[in-house]
Amino acid sequence: MRIDHGHLRALAAVVREGTFERAAAVLHVTPSAVSQRIKTLEERMGRLLVQRTVPAVATADGQVLVQLAEQTALLEHDALGRLGLDGDAAPQVSLTVAVNHDSLETWFMEAARQFASRSRTTLELQSEDQDHTAALLRNGTVLGAVTAMGDPVQGCRVHALGSMRYVATCTPAFHEKYFSSGVSARTLARAPVLVFNRKDAMQARFARKVMGDEPWQPPVWWLPSSRAFVQATLDGLGWTMNPLPLVQQALQAGDLVPLRPRATEDVPLYWQHWGVNSEALKTLTDSVLAAAKAGGLIRRR
């Protein structure tokens, strides 16, 4: 069985862009043409490949073909580059990468800078919690991810990056107000806490170390920004687990204090990417590893 590459590109565009209309604009065709290509591909495969939702989502079978489409586009781009045919008329490829929020705010942009200095390929960065970036690899949405999962996603290669250290921090005044008698189940229940979003379980993990299985329902500030997280902590809105690279100066200056001694959690990070022999992907991997090494991640001795 042969698969039409035009049909594959249409499938990948629909999943990447989220709608048939946006996919059509990217491919410079009409939405009906995109719909017909998807329908033809589904008939040829004998199975549903796209869920017609908003946004459109690939089925499990569709994810396999989306990965094939993205890998084919990447290899085509590399081949044209090796032939010296990667000029303005060549199709451009953007590598889609998932990066956890705190890495994006600390060390990952150095990886992007190094990559840009060595490649004409661009990056499409998607920000997601480190516990969830691997899911984007599985469904074919991205070809590389900074993730907390060390076990390789099927078809992927894994590189250990080190650990991001988080510290439970608050201002001295906040500590005096809520934790002057110590960090306990009672004080943690009263003290406002900053939480990034519903996927952020780090503060709850810290609380469970103190409270065990006791229910924990503190006042919560929901704040989906790493930089705003730090500022909100400095402003005394609440306590939270902040990435050490973002608060180290504030801790040294005494503007923030740990909730208690050894109030830390180390989150191991890994770079996972599709197992494709691509020069662009190799360059990106080298850039990620170099930036992580220089970016303050903690490594086991």
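Throughout this briefing, a residue is buried under 20% relative accessible area, exposed over 50%, and partly exposed in between, as computed with a 1.4 Å probe on protein chains only. By that scale, Met 149 is partly exposed at 24% relative accessibility. The structure is a predicted model, in which local features need pLDDT of at least 70 and side-chain atom pairs count only at pLDDT 80 or more, while totals for chains, interfaces and linings use all residues. Residues are numbered from 1 along each chain as its sequence is written, and side-chain values use heavy atoms, with hydrogens and water left out.

**Overall architecture**

- The chain contains 13 helices and 11 strands; these are DSSP runs numbered from the N terminus, with helices being H or I of at least four residues and strands being E of at least two.
- The C-alpha trace spans about 70 × 40 × 30 Å along its principal axes.
- Of the 301 residues in the chain, 45% are buried.
- A contact means heavy atoms within 4.5 Å. Among contacts between residues at least 6 apart in sequence, 73% join residues at least 24 apart.

**Helix α3**

- Helix α3 covers residues 31–45 and has 15 residues; from first C-alpha to last it reaches 21 Å, close to the 21 Å expected at 1.5 Å a residue. The expected span is 1.5 Å times one less than the number of residues.
- The buried residues of α3 are Val 34, Ile 38, Leu 41, Glu 42 and Met 45. They line one face of the helix, because they fall within an arc of 100° when seen down the axis of α3; the arc is that of the directions from the helix axis to the C-beta atoms.
- An α-helix has 3.6 residues a turn, so residues three or four places apart point the same way.
- On the other side of α3, Ser 32 and Glu 43 are exposed.
- The cover over the buried residues of α3 includes α1 (5–17), α2 (20–27), β1 (50–51) and α4 (60–82).
- Gly 46 follows α3 and has a positive phi, near 75°.

**Aromatic and charged side chains**

- The structure holds six aromatic pairs. Rings of Phe, Tyr and Trp (its six-membered ring) pair if their centres lie within 6.5 Å; planes under 30 degrees apart count as stacked, over 60 as edge-to-face and the rest as tilted.
- One of these pairs joins Phe 174 and Phe 179, which are tilted at 55° between the planes and lie 6.2 Å centre to centre.
- Phe 174 is buried at a relative accessible area of 4%, and Phe 179 is likewise buried, at 2%.
- Ring pairs link Phe 174, Tyr 178 and Phe 179 into a cluster.
- Arg 198 lies over the face of Trp 222, 3.8 Å from the ring centre. A charge sits over a ring if NZ of Lys or CZ of Arg is within 6 Å of the ring centre and within 35 degrees of the ring normal.

**Cysteines**

- The structure holds zero disulfides, a disulfide being a pair of cysteine sulfur atoms within 2.5 Å.
- Cys 156 is buried, with a relative accessible area of 12%, and Cys 170 is buried at 0%.

**Two residues and their contacts**

- Met 149 lies in the loop between β5 (144–147) and β6 (156–170).
- With residues up to four places away in sequence not counted, Met 149 touches Ala 134, Arg 138, Tyr 270 and Gln 272.
- The C-alpha atoms of Met 149 and Thr 133 are separated by 8.7 Å, and the two residues are 16 residues apart along the chain.
- Thr 233 belongs to helix α11 (residues 226–234) and is buried, with a relative accessible area of 0%.
- Leaving out residues up to four places away in sequence, Thr 233 touches Thr 169, Cys 170, Thr 171, Leu 194, Gly 238, Thr 240, Asn 242 and Leu 256.

**Backbone features in loops**

- The peptide bond from Val 54 to Pro 55 is cis, with omega near 0°; Pro 55 lies in the loop between β1 and β2 (57–58).
- His 28, in the loop between α2 and α3, has a phi near 60°, a positive value in a residue other than glycine. His 28 is exposed, with a relative accessible area of 73%.
- Arg 262 is placed in the loop between β10 (257–258) and β11 (264–274). Its phi is near 55°, a positive value in a residue other than glycine, and Arg 262 is exposed at 76% relative accessibility.
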